[in-house]
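Please open the structure in a viewer and follow the selections below in order.

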Amino acid sequence: MQSKSIKAVLFDLDGTLLDTADDLGSALNHVLEQHNLPTVTPEAYRPIASNGAKGLLELGFAEQLSKFNFDQLREQFLDYYQNNIAQKTSLYGGVPALLETLNSNNIAWGVVTNKPEYLTTLLLPYFDEFTASQIMVGGDTLTQRKPHPAPLLYAAQAISIAPEQCLYVGDALRDIEAGNAANMTTVIAEWGYIKEDENLSLWQADFSCKKPQEILSFI
Ligand SMILES: O=C(O)COP(=O)(O)O
């Protein structure tokens, strides 16, 4: 590994390190079934999976949404998800090897997600790889969440690495906006939940990768 100025890698979680879409989709379909509405296919929910409970409920309920109490739907969704959080979720191929290489080269790494902290704390222990993570910042750890840079700046400070020496890797525009605003080097995780017609060149990321291992070339 070449020695450049990058000393830490911070990652988005859903759609970047973990493929959580099918457990999120199951939670959505459970709520839809409870209300006798048609369920949603993986092809439809996967590109939305990074948008959390709100984005998925908006997709599934569409124009029916206004007929329901949104907070109640969200609670049903989160209850089901919490109780079934790691049924189908897995690390993306190449992620374990990437994290292993970071560990063996003493590159600090951690997670900055918009997923609520209680769910993230519940999910990460299902995967031994996260024991080496040095920081976890959830969507409600601070009052601001991505695309605001505050969670990223907080993570960098917690691991005592200057933001300019951090990479931030994510699969959503809000990840790249947050990373750029935090003065980090930003990388698009193209293997994540990105719509087919998305024009990634408009995101203004520093780099874009098709596979997790490619991230090592920036370090
Ligand atoms: O659950 C969410 O809201 C999205 O989570 P992410 O930031 O890890 O993509």
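Contact here means heavy atoms within 4.5 Å. The model is a predicted one.

Begin with helix 8, residues 173–181. Its buried residues are Arg174, Asp175, Ile176, Ala178 and Gly179. Next, display what covers these buried residues of helix 8: among the covering elements are helix 7 (150–158), strand 6 (166–170) and strand 7 (185–189). Then move past the end of helix 8 to Asn183, which follows the helix and has a positive phi, near 65°.

Now select strand 4, residues 108–112. Is this strand buried or exposed? Five of its five residues are buried, so strand 4 is largely enclosed by the rest of the structure. Colour its two sides separately. Ala108, Gly110 and Val112 lie on one side, Trp109 and Val111 lie on the other, and all of them are buried, which leaves both faces of strand 4 covered. In a regular strand, side chains alternate between the two faces of the sheet.

Strand 1 (residues 8–11) pairs with strand 4 in the parallel sense, over four bridges. To locate this pairing, select Ala8, whose bridge partner in strand 4 is Ala108. Strand 5 (residues 136–137) also runs parallel to strand 4, and two bridges join them.

Finally, show helix 6 (residues 117–123) together with strand 4 and strand 5. These three elements make a right-handed β-α-β unit.

Definitions and conventions. Residues are numbered from 1 along each chain as its sequence is written. This is a predicted model: local features need pLDDT of at least 70, side-chain atom pairs count only at pLDDT 80 or more; totals for chains, interfaces and linings use all residues. Side-chain values use heavy atoms; hydrogens and water are left out. Buried means under 20% relative accessible area, exposed over 50%, partly exposed in between (1.4 Å probe, protein chains only). Two strands pair if DSSP finds at least two bridges between them. A crossover is right-handed if, with the strands pointing away from the viewer, the path from the first strand over the helix to the second runs clockwise.
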